[in-house]
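Colleague: I am new to this structure and would like to learn how to read it, one feature at a time. Could you show me the general idea and then the case at hand?

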Amino acid sequence: MGRGKVQLRRIESKINRQVTFSKRRGGLLKKAHEISVLCDAEVALIVFSNKGKLFEFSTDSWYPILSSFIHLYILISTRFFFVKISPVLFP
């Protein structure tokens with residue numbers, strides 16, 4: 001028998017919200033580590049609490065992973081922009 005489905009809505013109790021955040025953050029960090037080991041994937045995870053505290057996990061230095069992400073984002077954004085604008089510029 002499985003667990004019941006959790007209704008996604010803001011937890012009103014401040015204490016319960018903090019406990020849930022801590023537990024789910026730990027689970028998320030564990031899953032990030034597991035996928036990096038099992039699938040030999042590069043993983044970078046950043047989580048900020050509501051008070052601005054940083055929690056992070058990275059399989060490698062942040063720089064190569066973030067650099068790859070930014071490069072890919074720019075590449076995709078540029079292609080999207082070119083495809084959307086090019087019919088206007090080059091009829």
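This is a predicted model: local features need pLDDT of at least 70, side-chain atom pairs count only at pLDDT 80 or more; totals for chains, interfaces and linings use all residues.

Colleague: Which elements does the protein chain have, and in what order do they run from the N terminus on?

Modeller: The protein chain holds two helices and two strands, and from the N terminus on these elements follow the order α-β-β-α.

Colleague: How much of the protein chain is buried, and what is its accessible surface?

Modeller: Of the 91 residues in the protein chain, 13% are buried, while the accessible surface comes to about 8,400 Å², with carbon and sulfur atoms accounting for 64% of that area.

Colleague: Which residues form the largest nonpolar core?

Modeller: That core has six residues, namely Ala32, Val43, Leu45, Val47, Phe55 and Phe57. Strand S1 (44-48) and strand S2 (54-58) are the elements that give two or more residues to this core.

Colleague: How should I think about charged side chains, and how many salt bridges does a search of the whole structure find?

Modeller: The general idea is that side chains of opposite charge can pair when their charged atoms come close. In this structure the search finds two salt bridges. One joins the side chains of Arg10 and Glu12, at 3.6 Å from N to O; Arg10 is exposed, with a relative accessible area of 51%, and Glu12 is exposed as well, at 61%. Another joins the side chains of Lys31 and Glu34, at 3.7 Å from N to O.

Colleague: Why are Lys31 and Glu34 separated by about one helical turn?

Modeller: Because they are three residues apart in helix H1 (residues 14-39), about one helical turn separates Lys31 and Glu34. Lys31 counts as exposed, since its relative accessibility is 56%, whereas Glu34, at 27%, counts as partly exposed.

Colleague: Which residues form a nonpolar patch on the surface?

Modeller: Leu66, Phe69, Ile70, Tyr73 and Ile74 form such a patch, and together they have about 540 Å² of accessible area. Within this group, Tyr73 lies in helix H2 (residues 62-89), and Tyr73 counts as exposed because its relative accessibility is 53%, where the cut-off for exposed is over 50%.

Conventions: Residues are numbered from 1 along each chain as its sequence is written. Side-chain values use heavy atoms; hydrogens and water are left out. Patches are made of residues with over 30% relative accessible area and no salt bridge: like charges are joined within 9 Å, nonpolar side chains (Val, Leu, Ile, Met, Phe, Trp, Tyr) within 5 Å. Accessible areas come from the Shrake-Rupley method with a 1.4 Å probe; for residues, only the protein chains shown count as cover. A salt bridge is a side-chain nitrogen of Lys or Arg within 4 Å of a carboxyl oxygen of Asp or Glu. Helices (H or I, at least four residues) and strands (E, at least two) are DSSP runs, numbered from the N terminus. Buried means under 20% relative accessible area, exposed over 50%, partly exposed in between (1.4 Å probe, protein chains only). A nonpolar core is a set of buried Ala, Val, Leu, Ile, Met, Phe, Trp, Tyr and Cys residues joined through side-chain atoms within 4.5 Å.
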